[in-house]
Amino acid sequence: VNLSLDDNRRITSASLSKLFQLLPRTPIRHLALRRTSLCDKGAAELPAALERCTLKSLDVSGHHFSLELVQELLAAVELAVGVSSLVLDDAAQRIHWRRCEQSDIFGQNEVVTADARKK
């Protein structure tokens, strides 16, 4: 299930907070919240939700989160093994985080976490 709430400034941090609490119990796999009214206070619940949900990708670009929250989100997606993609902004720079799988020289799969790439 994909859920896109992009470009809706009427969606507040308070309403998204309710979504984040329910997220672990939903079938949502791809969540896009670009350019909503999400702020640091509302997004502070995301790291805990990511650890318990089955999201594959999350896009919260278009928001300028604090460095502390960006670091918390990046740490949370590294621990949330189901999440393979995160897009967010830090100081007006876009960060694309991806979890990559590659085969090692013996043919076994190994999970490699890509560095945050700023564009």
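Reply: Cys 39 has a relative accessibility of 35%, and therefore counts as partly exposed, since that class lies between the 20% limit for buried and the 50% limit for exposed. Cys 100 falls in the partly exposed class as well, because its relative accessibility is 30%. These values come from a predicted model. As for disulfides, a pair of cysteine sulfur atoms must lie within 2.5 Å to count as one, and by this rule the number found is zero.

Glu 72 is partly exposed, because its relative accessibility is 41%. The C-alpha atom of Glu 72 is 6.5 Å from that of Pro 47, although the two residues are 25 positions apart along the chain.

The setting for these residues is a chain with four helices and seven strands. In sequence order, these elements give the pattern β-α-β-α-α-β-α-β-β-β-β. Of the 119 residues in the chain, 39% are classed as buried. The accessible surface of the chain amounts to about 6,900 Å², and carbon and sulfur atoms contribute 52% of that area.

To return to the cysteines, Cys 39 and Cys 100 are each partly exposed, and the disulfide count is zero.

Note on methods
Residues are numbered from 1 along each chain as its sequence is written. This is a predicted model: local features need pLDDT of at least 70, side-chain atom pairs count only at pLDDT 80 or more; totals for chains, interfaces and linings use all residues. Side-chain values use heavy atoms; hydrogens and water are left out. Buried means under 20% relative accessible area, exposed over 50%, partly exposed in between (1.4 Å probe, protein chains only). Helices (H or I, at least four residues) and strands (E, at least two) are DSSP runs, numbered from the N terminus. Accessible areas come from the Shrake-Rupley method with a 1.4 Å probe; for residues, only the protein chains shown count as cover.
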